[in-house]
2 protein chains.
Amino acid sequence: MERARRTPMALWRNLWKVGRDDPRRAIHALKVGSALTLVSLLYLLEPLFEGLGKNAMWAVMTVVVVLEFTAGATLCKGFNRAVGTVFAGSLAFFIECIAEELGTVSRALFVGASVFFIGFAATYVRFIPIIKKNYDYGVLIFILTFNLITVSSFRVQNVIEIARDRLYTILIGCAICLFMSLFVFPNWSGEELHYSTADKLEALARSIEACVMEYFQEDMTIDQKSSRDTIKKGYRVVLDSKSVEESLALFASWEPRHSRLGYRYPWKQYVKLGAVLRHFAYTAVALHGCLESEIQTPQSVRMLFREPCTRVSREVSKVLRELASSIRNRQHCSPDVLFDHLHDALQALNSAIKSQPRLFLGTKNAQANSMIAAQTDQRSSSGAAALASVKTDISALLDFRTKRDQTERKTLKPTLSKIAMMSLEFSEALPFAAFASLLVEMAVRLDLIIDHVKELARDAHFKDCMEKHDIK
Amino acid sequence: MERARRTPMALWRNLWKVGRDDPRRAIHALKVGSALTLVSLLYLLEPLFEGLGKNAMWAVMTVVVVLEFTAGATLCKGFNRAVGTVFAGSLAFFIECIAEELGTVSRALFVGASVFFIGFAATYVRFIPIIKKNYDYGVLIFILTFNLITVSSFRVQNVIEIARDRLYTILIGCAICLFMSLFVFPNWSGEELHYSTADKLEALARSIEACVMEYFQEDMTIDQKSSRDTIKKGYRVVLDSKSVEESLALFASWEPRHSRLGYRYPWKQYVKLGAVLRHFAYTAVALHGCLESEIQTPQSVRMLFREPCTRVSREVSKVLRELASSIRNRQHCSPDVLFDHLHDALQALNSAIKSQPRLFLGTKNAQANSMIAAQTDQRSSSGAAALASVKTDISALLDFRTKRDQTERKTLKPTLSKIAMMSLEFSEALPFAAFASLLVEMAVRLDLIIDHVKELARDAHFKDCMEKHDIK
């Protein structure tokens, strides 16, 4: 009883959520409804029915199958359907011409053989990657139409008339679809691609900031779950975007909107930028891995580098946000100013690391100082170091177990080998070194992102941003 | 002329490659051809044509659309098509019953309104994630069939007969498809998923081995390109597998093959294992990033750790390969033995790092030794260290530029900021520390993979491998 009342509620909430997440979905559904009603008029109104006869069904079918969410996808499918139909029609007509000369039995054999061969060849061709990517639907329609025409022509005489009427109705269906998708609240694949790219840059910025913030957080209990969610969501958005992005770019290249400016809009640049962003995101994942790693540098050591690391992450995020807003507003950006800050931040991190010669191999300078520094240094940090080594040796197991509980993994019992690994006395600075190194790597990869955004800005003729310089 | 001769050659080579890469494609194309010929017989043979009339066209359409590459996909689509058709037919019949009572004009209005509303609602429902994933095609067929029946029933009287014949022909089409995909050289989604999982484990093993090998390679010119290809291919296979894997698991769950053993085969475990493998692959990408990083630990320092690092990577790969063969042969594996070796290898790496106290912060023991060791140590490695610092300070820029040329990046001119970053005197051990830390992280994540493979082995009732123990 309780469940019977809850199911419709859940369904209703689900339906509501789908529309709230993206109101364009509701609009699209309304568009499909209208298009179907429109195409039904071909049947419902007397005079139109007389003209087209039963073939009006093909218009209905076309609308159902071709009208897609974005304009580009509709154009792509409509084109595929039209071309596939025309090709199949021509080939079927050609085969029909040959078959007409033959007797009934040999004609049946000939038609059967041609159906087999064309079916085989077209299906095989669909496996070629370039066809699969761009024209899969067209080839499918080709097979379908060819078979329908060839086979039905075996019994019916006025094949050409049928084919012509069918083509007309399909064109009517395509026209309705194009009208609906291009002129009634159009959804552009290109725009979706454009804004999703900006979103991804911002998500990465959030992810990195949250990650570094949590790494240096002293009180481990506060809001850990929500911050990890931010981190994960940030890079997941980027990592999972590949196939969506590629199909959006494909559909965007069909959209007429930007071509009128006299150049082909560089949709491929978005795909390239997406690949670079994924490459950057792998570093973000590795950085996140530092948080979840079983072996941790003690907080006391981490705290020595809190300031410079946070600064680097802040600057990286700032550059990412700047790039995002540059794309969003279609303006050329000047991240060089920001990049200088990042450079300063990196230098600060470098000096911080150099100032702790006992943690890492020093450079020439540091080496000379290290012998002198060692004495004073040992006195100041001996407390922390002693604490730290106690922590790794004894409480590692305990620590590890509580951490496991926190992250809610399924295998609650750590395996024997893992405990053994934990009790390994790995140098404590090692994990932090990895963390710092990943931060630096990130800064380097950021440069690659900047290059690609600049390239995009150039190819897509973004506006200059004179006014922005003035504000600064 | 030259080009005209070359294009067909390239096409032919492309076609040949498609078949050679996976001969099942050619077989599938033959199957489609046969199925189409078979269904054409409905038309070509006199007695069958009398029975089914023009509706035989629906059988052709069903075969074209439903017959997919794997058995699971065909079953899933066939089920969707059948259920969608039945639902749509029932609803259309219901609407027809109501409409019959009305006058012509109000009937047209009623039919138009119902077409609009059903079109809207069904399209909207397609956006719900769970529907989109499992029943998208079914809903599409529902819309299509509903519209065709409702609209055509407006003019034709014997709607129920038409609907019945149509359903029969669709069922005949589905039957042919099922026969072809289940009994004639069937391709099982489940098997593809199974073996591709094993392949992925092996690809990761190759990738990691190649990566560590190259990191410690002294002669940088030998075979660098092919080894990088191995590395990239290895983790790309895993990273790009998400959507393919999910649809394979979905289709596999439709396949009847494994259900007869009395339990549901745990296809979801493969998806989970895939997610864990991707998680592992991110570390592989980060490890690869260490190779391509702009800031590098000099070879002289790296060589100190060559032996233990290579050993760790060898052991990790060995475990991965063992897991792969365990999956491939559907046998329970005993990676614990191997994991012990890995543990030893990690311990060796740990001692190697501890034996170089100047490189990293030592543990308690190492600290005591460090002051004594420093003197002797400095003497032995001073040459290398001096060399190294010269390298980073002066030749960094040059080095960087040649490296860029090697990797054939497009932006040949390094930006100013990058040069500035290069000349930063980052501690030389930092990048190596990251490398080592990633290796350790990898070993930890490997444990997670082992857990998941074990879970899979348990749920899928893999064989025990008694004989293997004997061999050892």
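**Note on the predicted model: surface, cores and salt bridges**

1. At 54% relative accessibility, B:Phe87 counts as exposed in this predicted model. B:Phe87 sits in helix α5 (residues 71-100) of chain B. Together with B:Phe79, B:Val83 and B:Tyr135, B:Phe87 makes a nonpolar surface patch of about 370 Å².

2. In soluble globular proteins, nonpolar side chains tend to be buried together. Here the largest nonpolar core has 134 residues, and A:Leu320, A:Leu446, A:Ile449, B:Leu320 and B:Ile449 have the most contacts inside it. Beyond four places in sequence, the contacts of A:Leu320 include A:Leu201, A:Leu204, A:Phe280, A:Leu446 and A:Ile449. A second, separate core of 90 residues includes A:Met61, A:Val111, A:Ile118 and B:Tyr137.

3. Over all chains, the structure holds 32 salt bridges. One of them joins A:Arg107 to A:Glu96, with the closest N and O atoms 3.7 Å apart. This pair links distant parts of the chain: A:Arg107 lies in helix α6 (residues 104-125) of chain A and A:Glu96 in helix α5 (residues 71-100) of chain A, 11 residues apart. Both residues, A:Arg107 and A:Glu96, are buried.

4. A:Lys318 and A:Glu315 also form a salt bridge (3.7 Å, N to O). They are separated by about one helical turn because they stand 3 residues apart in helix α15 (residues 306-328) of chain A. A:Lys318 is partly exposed, at 40% relative accessible area, whereas A:Glu315 is buried, at 7%.

5. A further salt bridge connects A:Arg458 and A:Asp459 (3.3 Å, N to O). A:Arg458 is exposed at 53% relative accessibility, and A:Asp459 is partly exposed at 25%.

6. A:Asp22, A:Arg24 and A:Glu192 are linked in a network of salt bridges.

Note on methods
Residues are numbered from 1 along each chain as its sequence is written. Chains are lettered from A and ligands numbered from 1 in the order in which they are written. This is a predicted model: local features need pLDDT of at least 70, side-chain atom pairs count only at pLDDT 80 or more; totals for chains, interfaces and linings use all residues. Side-chain values use heavy atoms; hydrogens and water are left out. Patches are made of residues with over 30% relative accessible area and no salt bridge: like charges are joined within 9 Å, nonpolar side chains (Val, Leu, Ile, Met, Phe, Trp, Tyr) within 5 Å. Accessible areas come from the Shrake-Rupley method with a 1.4 Å probe; for residues, only the protein chains shown count as cover. A salt bridge is a side-chain nitrogen of Lys or Arg within 4 Å of a carboxyl oxygen of Asp or Glu. Helices (H or I, at least four residues) and strands (E, at least two) are DSSP runs, numbered from the N terminus. Buried means under 20% relative accessible area, exposed over 50%, partly exposed in between (1.4 Å probe, protein chains only). A nonpolar core is a set of buried Ala, Val, Leu, Ile, Met, Phe, Trp, Tyr and Cys residues joined through side-chain atoms within 4.5 Å. Contact means heavy atoms within 4.5 Å.
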